[in-house]
Amino acid sequence: AKPIIGTDGQPLRAGLGPDPTTLKALMGPPETDKDGNLLGPDGKPLLDENGNPINTAGNPYVGPDGTLYGPDGKPLLGPDGKPLKAGLDKNGNPLFDENGNLLGPDGKPLVGPDGKPFNQGAIGPDGKVFGPDGKPICDKDGNPVKASLG
């Protein structure tokens, strides 16, 4: 398990003593191989319905509270310098518009520090992988694929 990182980019700590313990998360950014392909819980690359590996291409990971994280596990910041947050549906999945843009809690497309919307897909808090159309990517059997988080 990796440390839980706060919005300031520093590990969160439990307690107030001189030697506080770093909190660890059982969830975190998706695990990938050296080529950037998402790995499943079995440690093997996830495959789409055509049998092709699913590459993250820098897609954000959406944390349980909606905070967006980059491949390095650090929160992604908006133009205002604050961590970006995605809107989540009642099942905890990130929200997208009809064009595949990741939406914020206000229902408007999220814009990154480069001024462009996030429209290449995302990885949800439970590891579910969403494609550029905003829909879950499924395996050959039609089941949504889930990345290993850690």
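## Aromatic pairs

The structure, a predicted model, holds two aromatic pairs. Rings of Phe, Tyr and Trp (its six-membered ring) pair if their centres lie within 6.5 Å; planes under 30 degrees apart are stacked, over 60 edge-to-face, and the rest tilted. A pair of aromatic rings is described by the distance of the centres and the angle of the planes.

Tyr61 and Tyr69 make a tilted pair, with 6.0 Å from centre to centre and 35° between the planes. Tyr61 is buried at 3% relative accessibility. Tyr69 is buried too, at 16%. Here buried means under 20% relative accessible area, exposed means over 50%, and partly exposed lies in between (1.4 Å probe, protein chains only).

Phe96 and Phe130 also form a tilted pair, 5.5 Å centre to centre with 35° between the planes. This pair links distant parts of the chain: Phe96 sits in the loop between E6 and E7, Phe130 in strand E8, 34 residues apart. Both Phe96 and Phe130 are buried.

## Basis of the model

Residues are numbered from 1 along each chain as its sequence is written, and side-chain values use heavy atoms, with hydrogens and water left out. Local features need pLDDT of at least 70, side-chain atom pairs count only at pLDDT 80 or more, and totals for chains, interfaces and linings use all residues.

## Chain overview

The protein chain has zero helices and eight strands. Its pattern along the sequence is β-β-β-β-β-β-β-β. Helices (H or I, at least four residues) and strands (E, at least two) are DSSP runs, numbered from the N terminus.

Of the 150 residues in the protein chain, 39% are buried. Residues 24 or more positions apart account for 41% of them.

Where does Pro94 lie? Pro94 is in the loop between E6 and E7. Pro94 counts as buried because its relative accessibility is 5%. Beyond neighbours within four places in sequence, Pro94 is in contact with Val62, Gly87, Leu88, Leu102, Gly124, Pro125 and Phe130.

Pro136 is placed in the segment after strand E8 (129-130). Pro136 is partly exposed, with a relative accessible area of 35%. Leaving aside neighbours within four places in sequence, Pro136 is in contact with Lys128, Val129, Phe130 and Pro144.

## Salt bridges

How many salt bridges does the structure hold? It holds four. A salt bridge is a side-chain nitrogen of Lys or Arg within 4 Å of a carboxyl oxygen of Asp or Glu.

One of them joins the side chains of Asp65 and Lys85, at 2.9 Å from N to O. Asp65 lies in the loop between strand E5 (61-62) and strand E6 (68-69), and Lys85 in the loop between E6 and strand E7 (122-123), so the pair ties together parts that are 20 residues apart in sequence. Asp65 is partly exposed at 45% relative accessibility. Lys85 is partly exposed at 34%.

Another is formed by Asp126 and Lys146, whose closest N and O atoms are 3.5 Å apart. Asp126 is in the loop between E7 and E8 and Lys146 in the segment after E8, so this pair links distant parts of the chain, 20 residues apart. Asp126 has a relative accessible area of 34% and is partly exposed. Lys146 is partly exposed at 40%.

Lys140 and Asp141 form a salt bridge as well, with the closest N and O atoms 3.9 Å apart. Lys140 and Asp141 are both exposed.

## Second largest pocket

The second largest pocket holds about 230 Å³ of space. On a 1 Å grid over the protein atoms alone, a pocket is an open set of points where a 1.4 Å probe fits, with protein on both sides within 12 Å along at least five of seven lines; lining residues have an atom within 4 Å of a point. Grid points are joined across faces, edges and corners, and the volume is the space filled by probe spheres set on the points.

Which residues lie nearest the centre of this pocket? They are Pro45, Leu46, Leu47, Asp139 and Val145, out of 14 lining residues. By class, the lining has five nonpolar, two polar and seven charged residues. Nonpolar covers Ala, Val, Leu, Ile, Met, Phe, Trp, Tyr, Cys and Pro; charged covers Asp, Glu, Lys and Arg; the others, Gly among them, are polar.

Terms used: Contact = heavy atoms within 4.5 Å.
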